[in-house]
Amino acid sequence: MENAIRIGAVAAVAALGLAGCLGTRPPARAQAAAIEVPAIARPGGETPEWWFRAGAAAAQRARAGTAGQARNLIVFLGDGMSIGTIAAARILEGQRRGDSGEENRLSFEDFPYTALSRTYETDQQTPDSAGTMSAIMTGVKTRAGVIGVTQRVPRGDCAALAGNEAASLLELAAAAGMATGIVTTARLTHATPAATYGHQPDRHWEHDGAMPASAHAQGCIDLARQFVAFPFPLDLALGGGRARFLPATQPDPERPGTTGLRRDGRDLVAEWLRRPGAVYVWNADQLAAIDPAAAGPVLGLFEPGHMNYQHQRARDAGGEPGLAEMTRVAIERLARKPHGYFLMVEAGRIDHAHHAGNAFRALDETIALSDAVRTAVAMTDAADTLILVTADHAHTMSFVGYPVRGNPILGLVRGVAHEDDNESGPVLDLLGRPYTTLGYANGPGYAGASQAQGAGAKRFPHAPRTVEPAVGRPDLAAIDTTDPDYLQEALLPLASESHSGEDVAVFARGPGAEAVRGSLEQNVLFHLLAQASEPIRRTLCRIGSCTAQGVPVHLPDRRRLLPVTRGER
Ligand SMILES: [Zn+2]
């Protein structure tokens, strides 16, 4: 049934495409025939093939009238970088310079094109990082918690894996002869970076010890091993997560007393070094000392777990490169390759700081991402490099109250006391206590129950005016809420603050960027990138099928990518 609908649509599109070719206007300027997207049987009844085709159609519509083709693709992913996070981070950066802050612009806010990205997954209203990055990397929305596979793979089901791996942009780029790189401040095996190279029914299977015996028995391979066995050329990978690559018997080089995590005894760093010319580094000095002329692939694993927050980086024992420095090294190396490159750079710890209920680090990491993007902009040419900056999902951080212009973004809300004067003073809640501009809907910052009102659920309309002795909220009058370790208050007590389901922003610069506009399903980003890269587009047409105008509309079979590629390169 699904198949019948799809095949019918392919035939219809082929006919439309032919009509387009016979038109009188030159092909480059011709109004491309719209790609027909079949109606789905019921809401939520989308198939992987449908997601791919609908994404291709949306990207083609957005690209109408433009012919932007990029030599290089760079995707910057701020993990959990909600629009509120961007607004607050720009203010913090401006205020660090002594300015009022609201008028400041992060580097990517000067990009000429923007869009909104809708982040829901096939099975979740509010998404996780695995399914969302998989959507950006493979062109199809999928389930929460899975890496680089379609929704046909239930989470944790190894038996369903075979044949449902979705080819990623990084794989397609490598197969097309482009250079490839991954940079992250998280573990290299964490959801976002893993979705560039891995295919796994469960994001948590980062090393063999994290997998259930049943998964081993069914032949699933942990993400660290998948990385090292990546069947395509990979030129550079920098991030954290060293312990997932080293055996439990091997002491960590930077943290004596700790060891690797692998139970299978394999030293995956040693296995990586078997690649011709391969280089491995684990600290900033070693990274800086790599011979720039050496062409071999580079692996950098700078921490046993996630890399340090930018705020704590200087205290690192072994010395860690920052995100901008890693981005610089990556572009320097990739740009020397002859056929263009694909680079993914993740600011992975914006998300972790939000989960911890700590706005300071989330904003600080966002500023570090802005610095990395500025580095990339300075090193590349907008005439040949498409740069996308986006997030996988939002977080619950809210930016509220009526603080006056220039109020410290991490501080207490100070408002204009009276309408007829300009003096500002602390704004108080109904309990008579001050509150911060930034807060969370849930998370570790929950400060206890309020006694200002009776217990129980409230009904609308509800206007509490009781001002009883307030013990429910902490009195922040004497608290420095701008302290880097301060946890903003949260409405609900949760051990880990949650993601939110709001749209995230996309910023774009370079050839093909003009198509980044409107309200896009997240998987459309893959298609905007693929349609803007001639080698990737051609590869997709080779292993899948394309319209008469050469738009890849058919979910490619990744198994067809493998054998052809190995021989070619
Ligand atoms: Zn998260």
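Predicted model: local features only at pLDDT ≥ 70, side-chain atom pairs only at ≥ 80, totals over all residues.
**Entry: nonpolar cores**

I began with the largest nonpolar core, which holds 69 residues. I wanted to know which members touch the most others, and they turned out to be Ile-182, Phe-227, Phe-245, Phe-342, Leu-528 and Ile-536. I then picked Leu-528 and listed what it touches, leaving out residues up to four places away in sequence. The list reads Ala-59, Ala-62, Arg-63, Ala-515, Val-516 and Leu-520. A handy reminder for myself: nonpolar side chains in soluble globular proteins tend to be buried together.

**Entry: a three-stranded sheet**

Next I looked up an open sheet, whose three strands run in the order β10-β13-β14 with mixed pairing. Which strands stand at the edges? They are β10 (398-399) and β14 (490-493), and each has a single partner strand, so one side of each is left without a neighbour in the sheet. I also checked how β13, residues 438-443, meets β14: the two pair in the parallel sense over three bridges. For Gly-443, I noted Pro-493 in β14 as the bridge partner.

**Entry: the cavity**

Last, I asked how many cavities of 30 Å³ or more there are. The count comes to one. I wrote down a volume of about 80 Å³ for the largest cavity. Its lining has 13 residues, and those nearest the centre are Thr-185, Asn-308, Gln-310, Leu-323 and Glu-365. Sorted by class, I get six nonpolar, four polar and three charged residues in that lining.

Notes:
Residues numbered from 1 in each chain as written. Heavy atoms only, no water. Core = buried A, V, L, I, M, F, W, Y, C linked by side-chain atoms within 4.5 Å. Buried < 20%, exposed > 50% of the residue type's maximum accessible area, 1.4 Å probe, protein only. Contact = heavy atoms within 4.5 Å. Pairing = 2+ DSSP bridges. Helix = DSSP H or I, 4+ residues; strand = E, 2+ residues; numbered from the N terminus. 1 Å grid on protein atoms, 1.4 Å probe; cavity = no way out; pocket = protein on both sides within 12 Å on 5 of 7 lines; lining within 4 Å. Points joined across faces, edges and corners; volume = space filled by probe spheres on them. Nonpolar A, V, L, I, M, F, W, Y, C, P; charged D, E, K, R; others polar.
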